[in-house]
Amino acid sequence: MRSIKQPGAPGAERIQWVEARGRAFTFMLEAGVPLLEAARRGFAAEGFAGGVLNFGRGTLGPFAYVMPALSKTGENAAFYSETFRPEGVTRTKLGRMTLGTRDGAPFFHCHGLWTEADGKASGGHMLPDETIVTEPFEVEAFGLDGAMFTAEPDPETNFKLFGPVAAASTGARTTSRAFALRLRPNQDFAFCLEGFCREHGIARAKIHGGVGSTIGARFTHGGVTEPFATELAVTAGAIVPGPSGALEAALDVALIDYTGGIAEGRLIRGDNPVLMTMELVLEVLS
C-alpha cells in the first residue's frame, strides 16, 4: 500500500475515537453572516455545540479557500497553497464540514467542490473567517452530544488537527449511538473503518461528514488520481455486510489534488491510505 513519510513518529493509537450520542437534522444557513457563524447558530438552535454537516448547492461570497500543495520547507509531508479569493458569487456543488473548536472558540474544517463566478470549477479547503453565506441554503447536519472535535497539535504530521475528545452533555435531544473518529496517516480508509466496526460490534453504520485527505486515489470506476496530496470530502458512506457477510465500507468521495485535478467516485477498498487525517462521524444503525 502507498505511504508517505510524515515528519513525526506515528503514534500507537491509529484511530482516535469517542463514543457519543447524536441526531440528524436539517437547517437553513443564514445569509449575510460568515459560514462558520451560520453553522454554529444552526447547531446551537438544536442544542448541540458541534458535529458534522453535508451540503450541496449553495452560494458563498466573499469566499476564500486554499488548495493542497507541496511542502516548501519539509516541515510537513504536504502543505497548503496561497489563499484564493475569487470575485463575485461562488456556487457550491458539494461540501462536508466538521464543526468543533480551536483555541477555545468555534472553528470548522470544510472541504468541497464549487464553480466560481467566472465559470472556473475548483475545490479545496474553505477558510472559516473569510467565507460569507450569500443566500440561505439548506444543510444536513449530525449533532454530537458527549463528544467534540477539537484542534490540537499533532506531532506525527506537524499540523494542528481536529480530533474527537469527550465533552460534557449539552442535554440536546438525541436518537442514535454514534462515534466521532479521526483516522491517522498511512492506513487504508475502508479497511480502517471496517476493523473499527468489527471491534466495536457494529453491524451497520452510516457516515456523516467526512473531511480529510488520501494519498492520491484509486476508484472502482477505473479512475486514478496520481498526485499524492488531496483535499477530500466523503459524499456518501456506509459500512454494511458485503456479499460474503463480512463488513465492507462503501465510500463515495470527491476530491481535488495539488495540480487542480478534480475526481469523484467510489474508493477501492484496500488501496486508499489516509495522507494527513480523516475525520467523520459513524452513526450506528445496528
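**Reading the features in turn**

Reply: Strand S11 (residues 137-145) pairs with S1 in the antiparallel sense, over nine bridges. Two strands pair if DSSP finds at least two bridges between them. Helices (H or I, at least four residues) and strands (E, at least two) are DSSP runs, numbered from the N terminus. The model is predicted: local features need pLDDT of at least 70, and side-chain atom pairs count only at pLDDT 80 or more, while totals for chains, interfaces and linings use all residues. Residues are numbered from 1 along each chain as its sequence is written, and side-chain values use heavy atoms, with hydrogens and water left out.

Me: In S11, which residue is the bridge partner of alanine 24? And how many bridges join strand S1 to strand S14?

Reply: Alanine 24 has phenylalanine 142 of S11 as its bridge partner. Strand S1 (residues 15-29) also runs antiparallel to strand S14 (residues 176-183), and eight bridges join them.

Me: How many aromatic pairs does the structure hold?

Reply: Rings of Phe, Tyr and Trp (its six-membered ring) pair if their centres lie within 6.5 Å; planes under 30 degrees apart count as stacked, over 60 as edge-to-face and the rest as tilted. The structure holds 18 such pairs. One of them joins phenylalanine 25 and phenylalanine 43 edge-to-face, at 5.7 Å centre to centre and with 85° between the planes. Phenylalanine 25 belongs to strand S1 and phenylalanine 43 to helix H1 (residues 35-45), so this pair ties together parts that are 18 residues apart in sequence.

Me: Are phenylalanine 25 and phenylalanine 43 buried or exposed?

Reply: Buried means under 20% relative accessible area, exposed over 50%, and partly exposed in between (1.4 Å probe, protein chains only). Phenylalanine 25 is buried at 8%, and phenylalanine 43 is buried at 0%. Another edge-to-face pair is formed by tyrosine 65 and tryptophan 114, 4.8 Å centre to centre with 70° between the planes. Tyrosine 65 in strand S4 (residues 65-66) and tryptophan 114 in strand S8 (residues 105-115) are 49 residues apart, so the pair links distant parts of the chain. Both tyrosine 65 and tryptophan 114 are buried. Ring pairs also link Phe25, Phe27, Phe43 and Phe48 into a cluster.

Me: Where does the charged end of arginine 102 sit?

Reply: A charge sits over a ring if NZ of Lys or CZ of Arg is within 6 Å of the ring centre and within 35 degrees of the ring normal. The charged end of arginine 102 sits over the ring of phenylalanine 107, 5.4 Å from its centre. Lysine 120 lies over the face of phenylalanine 84, 5.7 Å from the ring centre.

Me: How much space lies in the largest pocket?

Reply: Rolling a probe the size of a water molecule over the atoms shows where empty space is left. On a 1 Å grid over the protein atoms alone, a cavity is a set of points where a 1.4 Å probe fits but cannot get out, and a pocket is an open set with protein on both sides within 12 Å along at least five of seven lines; lining residues have an atom within 4 Å of a point. Grid points are joined across faces, edges and corners, and a volume is the space filled by probe spheres set on the points. The largest pocket holds about 550 Å³. It is lined by 31 residues, of which Tyr80, His109, His125, Phe159 and Leu161 are the closest to its centre.

Me: What does a search of the whole structure find in the way of cavities?

Reply: It finds one cavity of 30 Å³ or more, and the largest cavity has about 40 Å³ of space. Its lining includes Leu94, His111 and Glu231. S8, S18 and strand S19 (247-257) each supply at least two residues of that lining.

Me: Which bond joins glycine 61 and proline 62, and what is the phi of aspartate 103?

Reply: Most residues other than glycine have a negative phi, and most peptide bonds are trans. Glycine 61 and proline 62 are joined by a cis peptide bond, with omega about -5°. Proline 62 lies in the loop between strand S3 (58-60) and S4. Aspartate 103, although not a glycine, has a positive phi of about 55°. Aspartate 103 is in the loop between strand S7 (90-102) and S8, and is exposed at 61% relative accessible area.
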